[in-house]
Amino acid sequence: MRLPQTGGCQCGKVRYALTEEPQSVYTCHCTACQRWTSSAFSMGLVVPETAIRLSGVEPKRLQRVADSGRVNTRLVCPECGCWICGIPRDGLVRVRAGSLDDTSWLRPTRHLWTRSKQPWIIFAPSDEVFEAQPPT
Ligand SMILES: [Zn+2]
Ligand SMILES: [Zn+2]
């Protein structure tokens, strides 16, 4: 993969650039992600907060209290509603992987909340699989 990697929302009003390789690429099979994406899972990547530069219009902040009690904040485009990323937590930002301009290099190797995964999904033996939220 080449750096920086660029991405953005569907309408192009929110854009971003990643200046570092992601620490991990993951799928999330929680029921909230299934509902948000209207799909079987969401795909995200983790970068240090210093490695993402947002540009364009100010994203809208949507909050939800997770099952763990933690408040999750999603940054979405105010125009097209596309979910771009979260706010930094422990110095890390989770970016919606499908919002990248080039998704061809993505290979998720961590799988979260697999207790609610669709039964037809099978993981590679070398991948890390977590029934719920991974520790740390
Ligand atoms: Zn947009
Ligand atoms: Zn999820």
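Modeller: This is a predicted model. Start with Ile87: Ile87 touches Thr73 and Leu75, leaving aside residues up to four places away in sequence.

Biologist: What makes Thr73 and Leu75 count as touching Ile87?

Modeller: Two residues are in contact if their C-beta atoms lie within 7 Å. Thr73 and Leu75 both meet that test with Ile87. Arg74 and Ile87 are 13 residues apart in sequence, and their C-alpha atoms are 6.9 Å apart.

Biologist: Where does Ile87 sit?

Modeller: Ile87 is in the loop between strand E8 (83-86) and strand E9 (92-96).

Biologist: Why is Ile87 called partly exposed?

Modeller: Ile87 has 15 other C-beta atoms within 10 Å. Buried needs 20 or more, and exposed means 12 or fewer. The value 15 lies in between, so Ile87 is partly exposed.

Biologist: Which residues touch the most other members of the largest nonpolar core?

Modeller: Among them are Leu18, Ile52, Cys85 and Val93, in a core of 15 residues. E2, strand E4 (42-48), E8 and E9 each supply at least two residues of this core. Cys85 touches residues including Ile52, Leu75 and Val93.

Biologist: How do you know that E2 and E5 pair?

Modeller: Pairing takes at least two bridges. Strand E2 (residues 14-18) and E5 have 5, in the antiparallel sense, so they pair. Arg15 has Ser55 in E5 as its bridge partner.

Biologist: What makes E1 and E5 edge strands?

Modeller: The open sheet has the order E1-E2-E5. Strand E1 (5-8) and strand E5 (52-56) each pair on one side only. From one strand to the next, the twist averages 20°.

Notes:
Residues are numbered from 1 along each chain as its sequence is written. Chains are lettered from A and ligands numbered from 1 in the order in which they are written. This is a predicted model: local features need pLDDT of at least 70, side-chain atom pairs count only at pLDDT 80 or more; totals for chains, interfaces and linings use all residues. Helices (H or I, at least four residues) and strands (E, at least two) are DSSP runs, numbered from the N terminus. Axes are lines fitted to C-alpha atoms, for helices over the stretch in contact, and angles run from 0 to 180 degrees between N-to-C directions. A nonpolar core is a set of buried Ala, Val, Leu, Ile, Met, Phe, Trp, Tyr and Cys residues joined through C-beta atoms within 7 Å.
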